[in-house]
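Dear colleague,

I am handing over the structure we discussed, and below it you will find my notes on what came out of the analysis. Please read them with the coordinates open beside you.

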Amino acid sequence: MKKLSARRRHPLAAVVVLLLALAATGGLYAAFAPADKAQADVTAQSLAIKEGQKLYTVGCASCHGTGGQGTSDGPSLVGVGSAAVDFQVGTGRMPAQQPGAQVPEKPVVYSQAEIDQLAAYVASLGAGPITPTEKQYSPEGADIAKGGELFRNNCAQCHNFTGEGGALTEGKYAPSLEGVSPKHLYEAMQTGPQNMPSFPDTTMPEQEKRDIIAYVKTVNSEETPTPGGFALGGLGPVSEGLFGWIFGLGSLIAVAVWVAAHTAKAKKS
Amino acid sequence: MSTQTDTRKKAPAGERVADWADGRLGIYSLAKANMRKIFPDHWSFMLGEIALYSFIIIILTGVYLTLFFHPSMNEIEYHGSYVPMQGIRMTEAYASTLDISFDVRGGLLIRQIHHWAALIFLAAMFVHMMRVFFTGAFRKPREINWLFGFLLFVLGMFTGFTGYSLPDDLLSGTGVRFTQGAILSVPIVGTYISMFLFGGEFPGHDMVARFYSIHILLLPGIMLGLVVAHLILVFYHKHTQFAGPGRTNKNVVGMPLLPVYMAKAGGFFFLVFGVIALIAGMFTINPVWALGPYRPDHVSTGAQPDWYMGFAEGLVRVMPGWEINLWGHTLVLGVFIPLVLFGVVLAALAVYPFIESWITGDKREHHILDRPRNAPTRTALGVAWVTGYVIMLLGGGNDIFATHFHLSINAITWFVRITYFVGPVLAFIITKRICLGLQRRDKDKVLHGRESGIIKRLPHGEFVEVHEPLSQSDLYKLTAHEQYKPAEIGPTVDENGVRRKVKLTEKLRVKLNKGYFGGDHQIAKPTTEEYKEITSGHGHH
């Protein structure tokens with residue numbers, strides 16, 4: 001004991017303590033971590049995983065690594081869950097076209113069946129959020145007003161009052177929510193794609209997600225009524241100001257020119 | 001005697017009413033003096049009219065809105081007809097604005113007319129002010145009227161701000177919070193002013209009621225008085241006019257108020273009302289129902305003020321977040337410097353007429369307008385100011401421009417930071433060159449006539465374009481302007497050989513004056529001799 005105490009100021013003492021601590025944490029984790037639940041090996045499921053792996057190898061592996069472990073070009077997919085795949089591939093964001101500040105929405109490349117297979121494969125790499133069922137995301141019967149309050153509390157900071165989208169730093173952005181399907185809205189909240197924080201059920205219960213989806217559908221979709229006339233993009237004072245200057249004052253000046261040009265003139269004889 | 005009175009024919013009813021009124025108000029002499037007052041005709045003289053008429057429209061629609069708006073911050077639960085707000089707690093102010101929009105007959109249209117007219121009112125004042133600036137109409141005797149106009153613009157800005165803050169929605173509430181932050185950044189007194197203004201901690205319970213009094217009573221009252229004074233001075237000074245044959249500094253060439261301008265101005269009022277009503281009927285402005293009630297813990301992206309406050313927003317957005325901590329106190333330069341600049345940018349407008357007359361030493365009356373090209377330095381200064389202003393507007397909308405042009409918001413912010421200093425200088429230089437180029441072209445037109453587009457081939461094969469000489473009146477217009485000589489410092493020694501002390505301010509003035517008029521800052525007008533020489537027949541191109 002004396003020996004140990006004498007060396008406690010040794011330059012390497014901290015390293016040794018750190019190593020011991022790491023070993024202890026790792027050992028404890030290995031001992032107590034819940035073992036992965038054995039997946040019920042339904043034939044259809046394993047077939048989907050197999051097909052998904054093939055698609056994955058062709059379309060995704062170059063960036064995300066052959067086993068989904070991630071490379072310098074793309075993050076690891078272990079534990080992202082099928083919901084993340086369904087969102088990223090289902091909105092056309094993945095496969096990505098090029099690296100950049102943010103991967104934009106594009107036309108979807110895969111069919112829904114292929115997306116499901118990819119999702120099944122990625123989900124098999126590690127447990128994560130599962131693709132929601134229609135019952136979970138359907139805005140049917142949800143509380144729109146409460147959804148609005150939740151939206152202003154959690155979403156408007158980046159997505160604007162009614163989800164028109166907004167700018168983030170360095171070319172990143174919160175996209176417009178217009179025309180995004182309820183399923184994808186739900187998955188985005190669940191998984192937090194790209195720069196978005198995730199809102200798992202522990203912080204935002206399913207019911208609240210449905211309220212938010214109902215609100216977004218009400219205020220920002222094709223059926224949204226605009227009682228005031230054309231909405232000018234719903235962007236607020238910037239587009240209103242531009243419109244007021246160009247079309248408001250512009251047409252009034254045109255009228256002024258017209259009035260000034262039509263004046264009482266002494267008749268030329 | 002009495003029989004005589006009885007037999008006299010009675011005057012027609014109209015005349016009797018007029019007689020009655022004249023006996024009490026003296027309208028005949030007023031009318032005699034003013035009905036036939038002459039005004040010159042030019043479309044740019046009607047910009048102020050657009051402002052005046054939209055102001056009237058704002059007052060009319062505003063009165064209607066006051067009938068239904070509740071300026072109260074009492075919290076209630078909404079149970080009106082807009083579904084996405086059902087059961088949400090909000091202030092009475094916000095709820096009554098929703099009611100005006102959805103449940104009051106014609107409420108939404110009137111609200112939109114009111115708001116669109118406000119944007120157009122400020123824009124029209126801005127353009128009117130630019131017209132007055134670039135034509136030099138602010139010179140003696142109109143400096144005070146320039147100040148009245150300037151005050152109207154600034155008060156208009158604050159009336160607009162207090163107005164769009166009334167509904168107590170999330171967007172305007174964010175704007176009020178922004179303003180409160182700017183007030184707090186003022187050293188020493190900031191906190192006190194904020195507490196005084198909001199009746200305690202922000203947002204408090206007094207803001208809407210106080211803004212309401214300011215918005216519907218205090219500011220419009222002052223503005224109404226200023227508008228009247230502005231118009232009285234326009235009558236008193238007589239309207240300026242562009243140079244032309246028969247137009248001098250002592251007359252006004254144009255048409256009489258009655259009937260010509262009564263008809264034109266009256267008609268123009270309805271045209272302005274019509275255009276604004278049309279826009280308000282077709283295009284949404286400030287859809288408060290979509291924004292939600294204000295709560296200090298909520299905020300949305302894309303929160304901008306109306307355009308006339310946009311440059312202030314820009315100043316704060318692009319300013320680096322500097323601050324100084326001293327003895328436990330924080331000086332927030334990142335907000336305070338923009339606040340000071342906000343005042344400086346506006347004050348530059350107010351004082352310009354006085355600075356210019358000091359530099360030029362010109363104390364004469366001017367009723368003939370300058371063409372902007374003939375005052376290159378003034379025009380260039382004006383364009384530089386507008387450039388800085390517009391760049392800051394861009395800075396105020398940096399997030400919208402970032403998302404819609406797929407740019408990085410940081411890049412836009414840096415672009416604005418740099419161009420705010422470089423842009424006005426470039427604009428100054430470029431504008432001045434353009435003005436001088438236009439002056440050269442004027443000179444060329446006077447001496448060589450207008451290019452007719454007809455190409456003639458001479459016997460020896462040369463091609464020449466036929467130039468048509470200008471009419472006498474066009475010649476006059478192009479040569480009527482005065483050209484100033486740069487000032488010199490007077491003799492430093494008086495007739496007795498005693499040295500005179502040249503004051504520093506005089507040296508500065510002469511230096512600025514040289515910058516204004518000296519060197520290649522103007523193109524000499526063609527002289528009579530030059531003109532005669534060329535047009536005498538043996539001239540050649």
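Chain A is divided into two domains, with domain 1 covering residues 43-125 and domain 2 covering residues 134-219; please keep in mind throughout that this is a predicted model. The C-alpha centres of domain 1 and domain 2 of chain A are 23 Å apart, and the contact between these two domains draws 13 residues from domain 1 of chain A and 13 residues from domain 2 of chain A. On the side of domain 1 of chain A that touches domain 2 of chain A, the classes come to six nonpolar, five polar and two charged residues.

Turning to chain B, the assignment again gives two domains, each in two segments: domain 1 is made of 40-296 and 304-370, while domain 2 is made of 433-486 and 505-535. Here the C-alpha centres of domain 1 and domain 2 of chain B lie 42 Å apart, and their contact takes eight residues from domain 1 of chain B and 10 residues from domain 2 of chain B. The side of domain 1 of chain B that touches domain 2 of chain B holds four nonpolar, three polar and one charged residues.

As for chain B as a whole, 20 helices and 10 strands are found in it, and its C-alpha trace spans about 95 × 90 × 70 Å along the principal axes. Of its 541 residues, 38% count as buried. Among the contacts in chain B with a separation of 6 or more, 73% come from residues 24 or more positions apart.

Two helix pairs in chain B may be of use to you. In one of them, helix α4 (residues 47-66) of chain B packs with helix α10 (residues 207-237) of chain B at an angle of about 150°, with the axes 12 Å apart; since angles over 145 degrees count as roughly antiparallel, α4(B) is therefore roughly antiparallel to α10(B). The crossing of α4(B) and α10(B) is left-handed. On the α4(B) side the contact is made by B:Leu52, B:Phe55, B:Ile59, B:Gly62 and B:Thr66, and on the α10(B) side by B:Ile216, B:Pro220 and B:Val227, so that, by class, the contact of α4(B) with α10(B) has six nonpolar, two polar and no charged residues.

In the other pair, helix α14 (residues 333-360) of chain B and helix α19 (residues 504-517) of chain B pack at an angle of about 95°, with their axes 8 Å apart, and these two helices, α14(B) and α19(B), are therefore roughly perpendicular to each other. From α14(B) the contact takes B:Trp358, B:Ile359 and B:Thr360, and from α19(B) it takes B:Arg509, B:Leu512, B:Asn513 and B:Tyr516. By class, the contact of α14(B) with α19(B) has four nonpolar, two polar and one charged residues.

Finally, there is the contact between the chains, to which chain A gives 52 residues and chain B gives 58 residues. The elements of chain A that give two or more residues to the side touching chain B are α8 (144-154), α9 (156-159), β1 (166-167), α11 (206-219) and α12 (237-261). Of these, α12(A) gives the most to that side, with 17 residues. By class, the side of chain A that touches chain B has 28 nonpolar, 19 polar and five charged residues.

With best regards

Methods: Residues numbered from 1 in each chain as written. Chains lettered and ligands numbered in written order. Predicted model: local features only at pLDDT ≥ 70, side-chain atom pairs only at ≥ 80, totals over all residues. Contact = placed C-beta atoms within 7 Å. Helix = DSSP H or I, 4+ residues; strand = E, 2+ residues; numbered from the N terminus. Axes fitted to C-alpha atoms, helices over the stretch in contact; angles between N-to-C directions. Parallel < 35°, antiparallel > 145°, perpendicular 65-115°, else oblique. Left-handed = near helix turned anticlockwise from the far one by under 90°. Domains from an automatic or database assignment. Buried ≥ 20, exposed ≤ 12 C-beta atoms within 10 Å, placed from the backbone.
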